Amino acid sequence: MALLTLSDAHLAFGHVPLLDGAALALEPGERVALIGRNGAGKSSLLKILAGLEKADDGTLQLQTGLTRVYVAQEPLFEAGASVFDAVADGVAEARALRERFERHEPGEDLDALMTRIEALGGWTWEQRVTEALQRLELDGASRVEALSGGMKKRVALARALVVAPQLLLLDEPTNHLDIGAIEWLQELLVSRSGSSAAALVFVSHDRAFIDAVATRIVELDRGQLRSYPGSFSAYEATKARELENEALENARADKLLAQEEVWIRKGVEARRTRSVGRVARLVKLRAQRQARREQLGQVKLELDAGLPPGKIVAELKDVSMRYGERTLIDRFSATILRGDKVGLIGPNGVGKTTLLKLILGELQPTGGSVRQGTRLQVAYFDQMRAGLDLDATLADTISPGSEWIETGGARKHVMSYLTDFLFSPERANSPVRTLSGGERNRVLLARLFALPANVLVLDEPTNDLDIDTLELLEELLQAYAGTVFLVSHDRRFLDNVVTSTIAWEGDATFGGRPGFWREYEGGYEDWKQQRERARVAVAAPAVAVAPKAASAAPAAAKTKLSYKEQRELDGLPARIEALEAEQARIAAELASGELYTQRPQEVAGLQARHDEIETELMAALERWEVLGSR
């Protein structure tokens, strides 16, 4: 028997229905991922299933005695509450009933009270709360307001799990969680749902998380719920075929309607003999065409890469950053080149943002040196998010004080530009506060991409974006000619975008020291595989390593640099520095207006020399890498 059945559900805000005769049945043990475009109504549907909101029409049938718990995107807690008390709110009724029983006021029906306490498991509520805290690695004595967003999400999950609900409903459970916490949550939800009675419905745009947890995909598309059994990968293949078939059917219907419209407008001779049935069919075709809800368009993303920077974006040598006794970064070295797409991986609070600020020169290290490249134009996603004015209109947010936007060398009206990001012209004067979380992120991307930039810093750009927009953003960043620094906990997004990864490994698992960072080639899965090999190597006995080290010695001797090569390697850093200094001087001259008015004959020569330096720098850097690796 189904735990829950939703039939012919209707819900509308404004003129567009979010639910238009939607239906859903949920069986015990299922783990359902609810996906769909931003603003499609996923969160509203989840609240209807949780009993927090009601549909305009339709029926929701529940199995008798079904316990269901809803965890919001941004969970709320009582001010000043401890973690223990916040989690214990999940068993508030059992706690209150047991307190009543222990007071046993005169006239109280103790038999009825005991029966209800036993039904709720109220005799052992403290033990259940303690077990939930231990399972989710929470300190019950801590204050909730002092916790990070990710830890607050853990408290909300503990509060839900202590109820032991038959149906758990989660809205964007991976938001604010780092990669380690997301993988921990995956295991928790899969193991919890092993019971034949327990079921899960969750809204998420994290494709790797969906693949790991879901047993069925349900898509909310134009007011209808469509079910796809199996993984997210299987859904993608099936959905592509469905969209092709839908496009063909719509094209056939449009062609038939056009033919009938031509026929009905023929001359008097045709009108005298026309069929009443054919006229009725035309009326029906018109009604069907008017009622059709077209698939939503795709976001049109374009990036202005600005002026090309120097070959080197940043060079870090033995960089350290300490705050008092705490070491965030310890002796990290790396060279970031133009066009690199770098992902930063690590738990919340280990210093990813600090490392980014060091790379871009916004902070000075407490040890080592950082050298920035020339002509860097940096655009930040995180700074814009913090500065979003909720009372400003969409148009003023995108282009304050002007109706036009200059992007990619072209001039575009702000209304047209907003349409590229799926905002209708009617919404251009709506305040930002009326937008959903995903729509606000689309506004942020629209404002970001309106700026010329050859370095993009994207701090969690994937939060609240729907899957279609995520995939388009991936394609855009892959084709982007500039440099990208990406801080994200979306594993699939990292794999599809970055070319190298800087990972925090300052824990005992790898024998790492505090503040230890290491650079890897490839994305998240590449790093994960290399990390696992490193874990095995660290765990291997020293005796087993010794013979390998001995056998490797002759090979090392064969690749030893000659005297001439060693001299060349020693001189390369100074040569690279001199070339970059010359390039910076030429770039400054080319950017000066005086050159074009007083010495115009030198412009072509300086530009040619600037390009020659690029070639020489590339050759020197490649040679440095070859010799250094030996």
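Visitor: At what angle do helix α6 (residues 149–161) and helix α7 (residues 179–192) pack?

Guide: Helices are DSSP runs of H or I with at least four residues, strands are runs of E with at least two, and both are numbered from the N terminus. Axes are lines fitted to C-alpha atoms, for helices over the stretch in contact, and angles run from 0 to 180 degrees between N-to-C directions. The axes of α6 and α7 lie 13 Å apart, and the packing angle is about 10°.

Visitor: What kind of model is this, and how are residues numbered?

Guide: Residues are numbered from 1 along each chain as its sequence is written, and side-chain values use heavy atoms, without hydrogens and water. Local features need pLDDT of at least 70, side-chain atom pairs count only at pLDDT 80 or more, totals for chains, interfaces and linings use all residues, and the model is predicted.

Visitor: Which residues of α7 make the contact with α6?

Guide: Contact means heavy atoms within 4.5 Å. On the α6 side are Arg154, Leu157 and Leu161. On the α7 side are Ala181, Trp184, Leu185, Leu188 and Arg192.

Visitor: In what order do the three strands of the open sheet stand?

Guide: Two strands pair if DSSP finds at least two bridges between them. The pairing here is antiparallel, and β1 (residues 4–13) and β2 pair over eight bridges. The order is β2-β1-β4.

Visitor: Why is one side of β2 (16–26) and of β4 (57–62) left without a neighbour in the sheet?

Guide: Each has a single partner strand.
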